[in-house]
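Have a look at the structure first, and then we can go through it point by point.

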Amino acid sequence: MATTPEQGIPQQPMKYPFPDGHRLDVPPEFAELRAKCPVQRVELPYGGEGWLVTRQAEVKTVLGDPRFSRAATVQADIPRTQEWLNPGGDILSLDPPEHSRIRRLISGAFSRRNVEVWRPRIAELVGELVAGMRAAGSPVDLVDSFSMPLPITVICEMLGVPASDQHFFQRFSELVFSGVGVPAEDVEAASDALTSYLAEHIARHRAEPQNDLLSELIAARDEDEGRLSEEELVTLGVTVLAAGHETTANAIANSVLTLLVDGLGTELAEHPERIDTAAEELLRFIPLGGSESLPRIATEDVTLGEVTVREGEAVFPAMVSANFDEEVFTDPQVLDLERPHNPHLAFGFGPHFCPGAQLARTEIRVALATLLREFPDLRLAVPPAEVPWREDTALIRGPRHLPVAWHP
Ligand code: HEM
């Protein structure tokens with residue numbers, strides 16, 4: 001049994017991850033731990049015991065302090081939720097300075113400035129999707145007709161892969177984001193298929209460069225092989241493609257669902273100037289990622305709260321829990337669409353802070369503003385309990401379909 005060395009208090013490990021509960025519920029264990037034991041010993045399904053961190057201050061330390069490493073999780077038999085070991089090779093499995101070398105290659109494409117260049121195209125796509133919804137007539141499935149195609153089309157156009165292939169890679173990237181319960185072979189096969197899809201695409205772009213991120217990355221690779229290996233190039237493309245749409249698509253669907261269930265859509269439609277603040281609050285409040293998070297390994301003994309994490313131990317930073325930290329947010333359990341100060345961690349913190357945050361924010365804001373303006377009486381077409389849910393993905397939560405209706 002682990003003890004907190006300063007106090008000598010024995011800690012009974014809790015089983016982790018906690019059940020995510022119903023749909024977008026936040027596991028109740030987080031609030032208990034924030035109050036009683038913010039750095040908790042936990043036992044994982046594979047690889048033994050580690051620590052779970054639930055308050056924002058310590059979560060930020062684990063995400064931002066270089067003494068906590070992602071690279072040390074690669075191919076290591078560490079405490080983990082899945083049977084397979086982290087194969088590595090992706091940006092989320094690197095520490096600075098290797099991480100910074102890769103990160104620099106994509107940060108320009110997703111910078112605030114470049115996202116602003118893309119804003120008119122995002123607005124245009126949203127307009128087309130809304131027109132499609134109108135043409136189909138009420139009711140429609142918002143997932144198929146709006147929340148999924150928007151981020152897929154945007155990331156495909158930015159990266160430079162045809163959105164018409166989306167049915168192919170969407171299925172695969174969903175599996176890549178799956179968690180407990182999906183066989184390791186399925187995930188591996190999905191990842192391999194997505195990798196060979198992109199490798200073929202890179203070969204075509206190499207022969208005929210375009211004005212897109214993939215061509216930029218190929219040029220970076222070909223000008224100086226030290227900047228990016230061929231394998232890194234493919235993996236980076238796969239990561240951007242998968243991370244760039246599953247997350248935003250579910251964030252949009254979950255936001256619309258939450259607004260409609262809570263009856264907040266009409267008021268927000270009357271106050272479009274509140275959309276940006278409301279979108280931030282929806283990002284904080286909706287636990288898109290559920291209870292699981294990617295572990296970090298301590299590279300030396302580190303004092304965290306009242307606990308000493310020993311060198312080599314795994315720590316799980318619970319960003320979802322940090323977003324409900326009573327020491328940071330007033331009434332965190334309340335969805336306050338006008339919350340004035342909202343330093344949430346929905347996009348992470350530190351070197352791995354989501355490079356797509358500005359793109360995701362822009363898509364979510366334009367999507368919500370346009371939907372509420374065009375369909376001021378938008379409502380669920382089925383009772384909330386009958387909204388079909390994605391059961392096969394543990395890492396990203398959201399509805400499988402979202403039937404919505406309006407008065408024509
Ligand atoms: C609502 C939408 C999104 C959410 C909530 C989200 C959330 C996150 C979070 C929490 C992390 C950090 C994970 C960690 O440190 O353990 C992350 C990393 C990442 N995200 Fe996002 N993301 C979203 C959209 C996007 C988009 C649109 C892109 C497309 C570019 C993207 C690409 C990435 C990449 C490449 C990383 C790894 C960064 C690194 O390791 O340096 N994400 N995201």
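This is a predicted model: local features need pLDDT of at least 70, side-chain atom pairs count only at pLDDT 80 or more; totals for chains, interfaces and linings use all residues.

1. From α8, the residues L194, T195, Y197, L198, A199, I202 and R206 meet E230, L233, V234, G237, V238 and L241 of α10. By type, the residues of this contact of α8 with α10 divide into 9 nonpolar, 2 polar and 2 charged.

2. Now the geometry of that pair. Two packed helices are described by the angle between their axes and the distance between the axes. Here helix α8 spans residues 184-207 and helix α10 spans residues 230-261, and they pack at an angle of about 110 degrees with their axes 9 Å apart. Angles of 65 to 115 degrees count as roughly perpendicular, and α8 and α10 are therefore roughly perpendicular to each other. The crossing of α8 past α10 is right-handed.

3. Also worth a click is A193, which lies in helix α8. Leaving aside residues up to four places away in sequence, A193 touches F168 and F172. F172 is 21 residues from A193 along the chain, and their C-alpha atoms are separated by 7.4 Å.

4. Is helix α12 enclosed or open to the outside? Of the 11 residues in α12 (residues 275-285), 9 are buried, so this helix is largely enclosed by the rest of the structure. Charged side chains are found on the buried list too: E280, E281 and R284 are included, along with I275, A278, A279, L282, L283 and F285.

5. What do the buried residues of α12 pack against? Their partners are α10, α11 (265-270) and α14 (357-374).

Conventions
Residues are numbered from 1 along each chain as its sequence is written. Side-chain values use heavy atoms; hydrogens and water are left out. Axes are lines fitted to C-alpha atoms, for helices over the stretch in contact, and angles run from 0 to 180 degrees between N-to-C directions. Helices (H or I, at least four residues) and strands (E, at least two) are DSSP runs, numbered from the N terminus. Angles under 35 degrees count as roughly parallel, over 145 as roughly antiparallel, 65 to 115 as roughly perpendicular and the rest as oblique. A crossing is left-handed if the near helix is turned anticlockwise from the far one by less than a right angle, and right-handed if clockwise. Contact means heavy atoms within 4.5 Å. Buried means under 20% relative accessible area, exposed over 50%, partly exposed in between (1.4 Å probe, protein chains only).
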